[in-house]
Amino acid sequence: MGDKEQLRKQLEDQIAATELRLGQLKQELADLDAQQPTSHTNTESAIGSTEWPLLQDEYRRYGRQMIVEQIGLAGQLKLRNSAVLIVGAGGLGCPAALYLAGAGVGRLGIVDGDEVESSNLHRQVLHRTKNTGKYKVDSAIQYLQELNPHPTYIPFRTQLSSQNAPEIFADFDIILDCTDNPATRYLISDTAVILGKPIVSASALRTEGQLMILNYPPRPPGDKSGGPCYRCVFPKPPPADSVTSCADGGIIGPVVGMMGVMQTLETIRVITMVIEEGVASVNKSGNSRIVPSLHLFSAYSMPPFRSIRLRPRRQNCSACGTEPSISIETLRNGSMDYVQFCGSLNPVSDLTPDERLSAADYKSKLDTPSSDDKGVLLDVRERVQYDICALPDSISVPISEVLRSSSGSSEVTIEKSPEWLPMNIIDLSSTTPIHVICRQGNDSQVVVKKLKQLGLDQGGKRFIGDIKGGLDAWRRDVDPQFPDY
Ligand SMILES: [Zn+2]
């Protein structure tokens with residue numbers, strides 16, 4: 001009976017989603033009827049539609065891809081009848097949208113609540129300098145409309161939430177996860193599983209990228225023939241403090257660009273698959289089936305590509321397993337808190353107020369004539385960031401070296417001290433203050449604690465503390481000319 005109940009629940013969810021979509025379609029039709037036919041495409045379709053399935057411009061525009069055996073006219077029509085949703089209009093979403101629009105998908109939705117910043121422009125190829133400050137979805141759609149006016153572009157100027165995700169997803173056939181944080185990845189996966197939609201998920205950081213097709217084929221929860229979901233691959237989220245963003249870790253534009261383009265390619269493969277006897281393949285001989293895999297790219301490794309076959313669905317998966325605890329109801333009523341599940345990303349504050357100096361207070365310390373107070377300044381950003389810009393007289397001590405050091409918490413001596421520790425601060429009789437700075441004021445706290453563990457503060461006789469808010473605060477409160485990289 002459990003199975004029957006579950007199937008019942010699944011069907012109810014699908015009916016709810018379909019009813020929602022039906023309402024939207026009726027509204028669209030009413031809106032269309034209210035408009036006068038003005039655009040040239042309407043005129044053209046009125047003349048040409050009875051004889052040929054595509055418009056003249058579409059034959060010309062898509063000819064090069066239609067003559068490829070794996071696409072053909074049938075594939076082109078499938079693309080035109082498809083609705084694809086891109087969550088995230090950033091480094092992955094921009095190239096993905098660019099090629100999907102170019103390929104002629106029928107409806108392309110983009111979800112993003114952020115605005116364009118100039119630090120996005122080196123990789124988020126749909127945004128242009130003149131659109132800085134505009135919503136990313138508007139900036140992206142402006143570009144896409146100029147590229148190809150045929151698809152319908154649907155902007156969602158909002159962050160995805162468990163409350164709005166079911167409604168937004170209901171309209172689309174396939175979901176592209178182009179986000180950059182674990183909480184949203186779980187939310188996308190759960191919603192897509194409940195609504196029975198495949199996901200093409202990608203991520204990229206520094207020089208590396210990952211790509212997966214999830215929930216494909218998109219069978220109901222409990223059906224072992226369906227593809228694994230994000231929770232099957234990552235049942236537990238990574239510790240919040242281990243998650244590095246592109247802002248902190250950096251990213252090379254073409255790396256994330258390539259992952260976004262690969263997402264489009266996988267999406268086109270899914271849309272144009274021929275389904276025979278329940279098995280999807282790209283052609284009738286059954287070649288090139290989509291096998292759930294994790295594709296790994298590493299720009300500075302040889303070979304740069306590797307693929308690992310994913311395990312099937314986990315039977316105990318809370319989204320796609322035999323007894324799922326996640327449903328459309330748990331999404332809508334917010335009982336599944338994704339941010340809490342993945343841990344908070346708020347700035348840490350591990351130090352007491354008297355172990356922290358504001359950027360302005362540190363500056364006035366530097367400006368005081370009594371030079372003893374100035375102490376030393378350790379900059380714990382990675383060396384590559386230090387080389388871009390640093391404060392005068394600061395000493396580079398990269399946090400990665402501090403964390404890698406195994407010399408534990410035993411007290412330091414002149415003979416035995418960690419390699420990363422600069423010689424001039426090892427003097428245990430010195431009371432010269434030690435200041436620690438990083439980019440935003442998180443890593444600096446970690447290093448202050450470490451220095452204290454090593455006994456360098458002589459039980460409180462020597463000041464060791466960090467600059468609150470790091471170099472960002474320095475730029476904001478002391479020196480606006482300090483580079484904002
Ligand atoms: Zn699962």
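Q: How many of the 20 residues of H11 are buried?
A: This is a predicted model, so keep that in mind throughout. A residue counts as buried under 20% relative accessible area. In H11, 15 of the 20 residues are buried, so the helix is largely enclosed by the rest of the structure.

Q: Which residues of helix H3 are buried?
A: Look at residues 56–66. Glu58, Tyr62, Gly63 and Met66 are buried there. They cover an arc of only 155° around the axis, which puts them on the same side of H3. Now turn to the other side of H3: Arg60 and Arg64 are exposed.

Q: In what order do the eight strands of the open sheet lie?
A: Read across the sheet, strand by strand. The order is E3-E2-E1-E4-E5-E6-E9-E10, and the pairing is mixed. An edge strand pairs on one side only; here the edges are strand E3 (152–156) and strand E10 (305–309). From one strand to the next, the twist averages 15°.

Q: How many bridges join strand E1 to strand E2?
A: Five bridges link E1 (residues 83–87) with E2 (residues 107–111), and the two strands run parallel. Helix H8 (residues 182–195) touches E1, strand E4 (174–177) and strand E5 (199–205), and its direction makes about 170° with that of E5.

Q: What is the order of the open sheet of five strands?
A: The order is E11-E15-E14-E12-E13, with parallel pairing. Its edge strands are E11 (356–357) and E13 (394–396). Inside the sheet, strand E12 (residues 376–379) and strand E14 (residues 434–437) pair over four bridges. Leucine 378 has valine 436 in E14 as its bridge partner.

Q: Which strands does helix H17 lie across?
A: Helix H17 (residues 443–453) lies across E11, E12, E14 and strand E15 (464–467). The helix runs at about 175° to E15.

Q: Is glutamine 385 buried or exposed?
A: Start with its place: helix H15, residues 383–388. Glutamine 385 has 13% relative accessibility, so it counts as buried. Leaving out residues up to four places away in sequence, glutamine 385 touches Asp248, Arg439 and Tyr485. A polar contact of 2.5 Å joins the side chains of glutamine 385 and tyrosine 485.

Q: Where does arginine 128 lie?
A: In the loop between E2 and helix H6 (136–147). Its relative accessibility is 22%, so arginine 128 counts as partly exposed. Arginine 128 and tyrosine 143 are 15 residues apart in sequence, yet 9.0 Å apart in space, C-alpha to C-alpha. Not counting residues up to four places away, arginine 128 touches Leu121, Ser139, Gln142, Tyr143 and Glu146.

Q: How many helices and strands does the chain come to?
A: Count 18 helices and 15 strands. Of the 485 residues of the chain, 46% count as buried.

Note on methods:
Residues numbered from 1 in each chain as written. Predicted model: local features only at pLDDT ≥ 70, side-chain atom pairs only at ≥ 80, totals over all residues. Heavy atoms only, no water. Pairing = 2+ DSSP bridges. Axes fitted to C-alpha atoms, helices over the stretch in contact; angles between N-to-C directions. Contact = heavy atoms within 4.5 Å. Buried < 20%, exposed > 50% of the residue type's maximum accessible area, 1.4 Å probe, protein only. Arc of directions from axis to C-beta. Polar contact = N/O pair within 3.5 Å; in protein donor to acceptor, adjacent residues only side chain to side chain.
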